[in-house]
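Trainee: Before we go through this fold together, I would like to have the terms and their cut-offs stated as they come up.

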Amino acid sequence: MRLVVNYGHATVFIFVLLTVQSAKGIKNLQVVYQWKLLEYAWPNEDTQLLFSHYVQANNNPLGLEVAGDRLFITIPRWKSGVVATLNYVYLNDTSESPLLNPYPSWEAHEYGNNSVPDIVSTFRVWADKCDRLWVLDMGVEDLTGTREQLVTPSLIIYDLTTDQLLRNYAIPSDQYPEKSHFGNVVVEDAACNDSFAYLAELQGPGIIVYSWASNDSWLVEHHYFHPDPLAGNFNVSGLSFQWWDGVVNLALAPEEDGYSTLYFHPLCSNAEFSVSTELLRDSVLATSSDSFHNFTVVGTRGINGQGAASYLDQTTGILFHALSIANAVSCWNPGTSYSPTNVARVYADNTTLVFPADIKIDNHSNIWVLSDRLPTFMYDQLDPDQYNFRVLSGSVEEAIEGTVCSRGATHSGVIQGLVSHLIVVILVWTCGTV
C-alpha cells in the first residue's frame, strides 16, 4: 500500500482506519467489578473494632489473581489505615462492588500485642498450577509516609485447597537494598517439587531467584534492570510526576526444553528484554559477569509504553502488557518483531482503565485487568463519588481479533496495529500526557 503525503487525503484515510479499528479491537474487555472506594465484608462489630486504625480512603488496590472460584486483590500499605493487604471476592458475586474478604483470615491481618500481620504489604501475587498462592511481602507499613519496615521482606506460600501456610521464606538481607521495593513475582511450576519463583526488586534493581526444592535464593543483577532516564517523566490524567523504578514487569513463556523465556522490563522503560530461565536457575552462571550477553534486547513498544505488568497466554503464546501510562492493554505475537507496528492495543479507555496496574490470564484464557488511578491516589485525592477502581475481563481470542496478534494476522492487521498505536497516542494527548 502506498501512502500519499497529502494532508487532506491523509485526514480522510486516518478517519476511515480509526472507524474500522474502533469497531474491532479497542473495546474488547468488559467491566466486571467497579468500586468508588473499597469496603470489607465485616463479620460483626467486634471484628471491626479490632481494626480501629481503618481509613477507607487509604485502601487502594494494585494486584489481582484468579484461582478457582476466587478473585484475589492486593492492597499495598501505601498509607496507614489498610485493613488487609491480601483479599478475595468470589467470582459468582454478581454485585457491582463486592465486599472484600481478607485472605487467609481476618486474624492473619490483625495487629496484636507486640505482633504484626502475617502478611504486611504485598503488591502482586501468583497462583500456580500446584494450587499454591505465592505472596511477595515487602514487610513495609505506610510506604509513602513514615515507611516502617515491620518485618523482613519474605516470600509466603499458601495451599489454596486448605488456605494453610506452606512456607514463609525470609529473603536474605544481602540480596536487596535497605529501602527495597518488591513489586512482582512469577513462578515456573512445570514440576511442583522443583518450582522456581522470580522476584522483581525495583530499587536495587534486581531479580531474586528462589528455588522451592532447595529453599534458597540468589540475586541476579544486570544493566537492563535499570530505569531509562528518558522514560521516567509521566503524565496521567493531567497529573505530572517523575518515577525512577527499575525492573518490575515479568512474564514467563514456557519452552519445550523445560525452561522458559523470561520477558521483563523496568517500569521506567519503553523497551522489552528477555533471558532464559536456564541461565537464571544456575546460581553460579546467573551471578557471573560472563552471562551479560545472555540477556537480550527484544525491541521497543514506542512512546508511552511504560507498564508495570505483563502476562503471556500459554494457549495462544500472545504476550499482553498493561500499559499504565497509556491507559491501555496491548498484545504482541512473539513470532513477529517487537516494535510499535506489532504491539497492538486491544483495549484503551481514559475512564475505565486509568492506570492499569496488573494483568493476569486464567486457565480458560480470559484476560483480567485491574485499574486503580494510582497517581491520583498518591499525589492528589480520589473522588469518592466516582468509580475509581475497576476489574475488567474478556477472552484472549476476542481481544486479539482483528489485530496483528491474531493467528490469522494479515497485511490489514499490520495497518490496524499501527492505527491502534495512533489511537493510544491520541487518547494520551487528550488527557494531557506527553
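Mentor: Helices (H or I, at least four residues) and strands (E, at least two) are DSSP runs, numbered from the N terminus. The model is predicted, so local features need pLDDT of at least 70 and side-chain atom pairs count only at pLDDT 80 or more, while totals for chains, interfaces and linings use all residues. Residues are numbered from 1 along each chain as its sequence is written, and side-chain values use heavy atoms, with hydrogens and water left out.

Trainee: How many helices and strands are there in the protein chain?

Mentor: Counting the runs defined above, the protein chain holds 7 helices, and its strands number 28.

Trainee: What percentage of the residues of the protein chain count as buried?

Mentor: Buried means under 20% relative accessible area, with exposed over 50% and partly exposed in between (1.4 Å probe, protein chains only). Applied to the 434 residues of the protein chain, this criterion gives a buried share of 57%.

Trainee: Which residue of β4 stands opposite L71?

Mentor: Two strands pair if DSSP finds at least two bridges between them. β3 is joined in the antiparallel sense to strand β2 (residues 64-67) over 4 bridges, and L71 is there the bridge partner of V66. β3 also pairs in the antiparallel sense with strand β4 (residues 86-90), over 5 bridges, and in that pairing the residue opposite L71 is V89.

Trainee: Which residue takes a positive phi in the hairpin of β2 and β3?

Mentor: This hairpin has 2 residues between the strands. The positive phi, near 60 degrees, is taken by G68.

Trainee: Which are the edge strands of the open sheet of 4 strands?

Mentor: The order of this open sheet is β6-β7-β10-β11, with antiparallel pairing. An edge strand here pairs on one side only, and this holds for β6 (122-127) and β11 (164-170).

Trainee: Which residue of β7 does A127 stand opposite?

Mentor: β6 and strand β7 (residues 132-137) run antiparallel and are joined by 4 bridges. Within β7, the residue opposite A127 is L133.
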